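Trainee: I am new to this structure and would like to learn how to read it. Could we go through a few features together?

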Amino acid sequence: MLAYRQCLAAHKLVADFDGTPLYFSKENFSNGCIATVDVTYPSSPFFLLFNTELLKGMLTPVLDYARSPRWKFPFAPHDLGTYPKANGQVYGGGEHSEENQMPVEECGNMLLMVAALAKAEGNAEYARRYWSLLTHWAEYLRAKGLDPENQLCTDDFAGHLARNTNLSLKAILALGGYALLCQMLGEEQKAQEYRQLAEEMVGQWLQMADDGDHYCLAFDKPGTWSLKYNLVWDRLLGLNLFPAEVARKEVAYYKRQMQRYGVPLDNRSLYTKLDWEVWVATLAESREDFHLFLDAIWRWMNETPSRVPLTDWYWTHDGKQVGFQARSVVGGVFLPMLTDSKVWRKWLGRSRR
């Protein structure tokens with residue numbers, strides 16, 4: 001209930017000139033951005049489950065902005081401004097330069113969310129409205145996604161990282177999601193082309209990321225590791241691009257890195273993120289392993305000395321808050337409910353009634 005209320009409260013619902021609902025997030029307790037794409041991404045499971053119209057309300061202003069003359073870059077934007085004004089990106093280089101942007105991150109986020117929306121609704125008509133733009137971003141990921149250059153990802157507090165394997169995962173699955181959209185729109189040849197492309201990238205990823213009993217943080221950093229939380233979309237979208245052994249191997253490795261209050265985000269620090277903890281728990285094949293991760297989260301929520309509106313960034317060894325609170329990203333804890341198609345249909349059906 002806490003995450004439910006917080007996820008909704010961190011947004012503002014407004015009507016566009018024609019009455020179209022627009023749903024703007026505020027990036028609470030970080031930089032105050034409005035409609036941040038990589039904040040919408042972790043919160044999207046909540047809206048995929050309970051109300052896809054609200055998810056469209058978050059995606060539409062970003063897509064309309066990205067195809068306007070204001071946005072001049074070949075990749076998706078990070079945000080629409082500083083809350084409460086959606087008058088142009090302010091993060092990184094803003095509208096003026098590619099400095100400190102999140103190109104692979106945001107392209108991957110947008111394609112994955114639009115694909116998930118199509119799966120939830122049973123059609124890709126929403127994607128059709130923005131097809132040339134989505135195709136443009138898919139082409140960007142074809143060129144830049146497999147082996148990302150030195151750049152930020154959504155976990156920007158960790159700094160820039162080149163050859164980020166988890167970011168590469170996102171790009172590959174986003175291309176698989178784009179292939180799914182092509183198929184749903186009847187573009188069979190293009191669907192086959194992008195599906196084959198994603199499959200080829202998977203083969204390359206498996207070789208480059210392999211580090212024995214797990215997969216590394218970056219392709220050129222053996223002896224490292226990270227939470228591969230983006231992998232969940234392979235199952236949720238029914239893409240089945242990556243061998244089951246990838247998730248199996250990663251989960252087994254995470255269990256060995258477990259601290260009292262969860263698994264660190266990667267080998268560089270002992271902090272973690274609540275949303276990503278739940279997502280990697282969803283990779284587990286057994287209920288026992290799933291609950292191993294969830295029990296650590298439950299322990300943290302009951303024992304943390306930081307009594308603040310639900311934080312999503314905390315230390316795994318002592319349970320203290322690192323930063324962030326009252327953010328919409330906690331909608332990500334509803335992701336496990338999307339793995340059960342009957343549960344997904346049940347709750348989504350209620351919103352349509």
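This is a predicted model: local features need pLDDT of at least 70, side-chain atom pairs count only at pLDDT 80 or more; totals for chains, interfaces and linings use all residues.

Trainee: Is Ser 306 buried or exposed?

Mentor: Buried means under 20% relative accessible area. Ser 306 has 18%, so this residue counts as buried.

Trainee: What does the side chain of Ser 306 reach?

Mentor: The side chain comes to 2.9 Å from the backbone nitrogen of Gln 321. Leaving out residues up to four places away in sequence, Ser 306 touches Lys 320 and Gln 321.

Trainee: Where is Thr 135, and which residues does Thr 135 touch?

Mentor: Thr 135 belongs to helix α6, residues 131-144. With a relative accessible area of 16%, Thr 135 is buried too, because the cut-off is 20%. A polar atom of the Thr 135 side chain lies 2.8 Å from the backbone oxygen of Trp 131. Not counting residues up to four places away in sequence, Thr 135 touches Tyr 178 and Lys 190.

Trainee: How should I read backbone angles?

Mentor: Most peptide bonds are trans, and most residues other than glycine have a negative phi. Here a cis peptide bond joins Tyr 83 and Pro 84, with omega about 10°. Pro 84 is in the loop between α3 (52-66) and α4 (103-121).

Trainee: Now for the whole protein. How many helices and strands are there?

Mentor: The protein has 13 helices and five strands. Of its 353 residues, 60% count as buried.

Trainee: What does the radius of gyration tell me?

Mentor: The idea is to compare the value with that of a compact globule. For 353 residues such a globule would have a radius of gyration near 20 Å, and the protein has 19 Å, which agrees. Its C-alpha atoms fill a box of roughly 50 × 45 × 45 Å along the principal axes.

Trainee: And how are the charges placed?

Mentor: There are 38 positive and 42 negative side chains, and the centres of the two sets lie 6 Å apart.

Note on methods: Residues are numbered from 1 along each chain as its sequence is written. Side-chain values use heavy atoms; hydrogens and water are left out. Helices (H or I, at least four residues) and strands (E, at least two) are DSSP runs, numbered from the N terminus. The radius of gyration is taken over C-alpha atoms; the globule rule is 2.2 Å times the number of residues to the power 0.38. Buried means under 20% relative accessible area, exposed over 50%, partly exposed in between (1.4 Å probe, protein chains only). Lys and Arg count as positive and Asp and Glu as negative; His and the chain ends are not counted. The place of a charge is taken as NZ of Lys, CZ of Arg, CG of Asp or CD of Glu. A polar contact is a pair of N or O atoms within 3.5 Å; within protein, one must be able to donate a hydrogen and the other to accept it, and residues adjacent in sequence count only if both atoms are side-chain atoms. Contact means heavy atoms within 4.5 Å.
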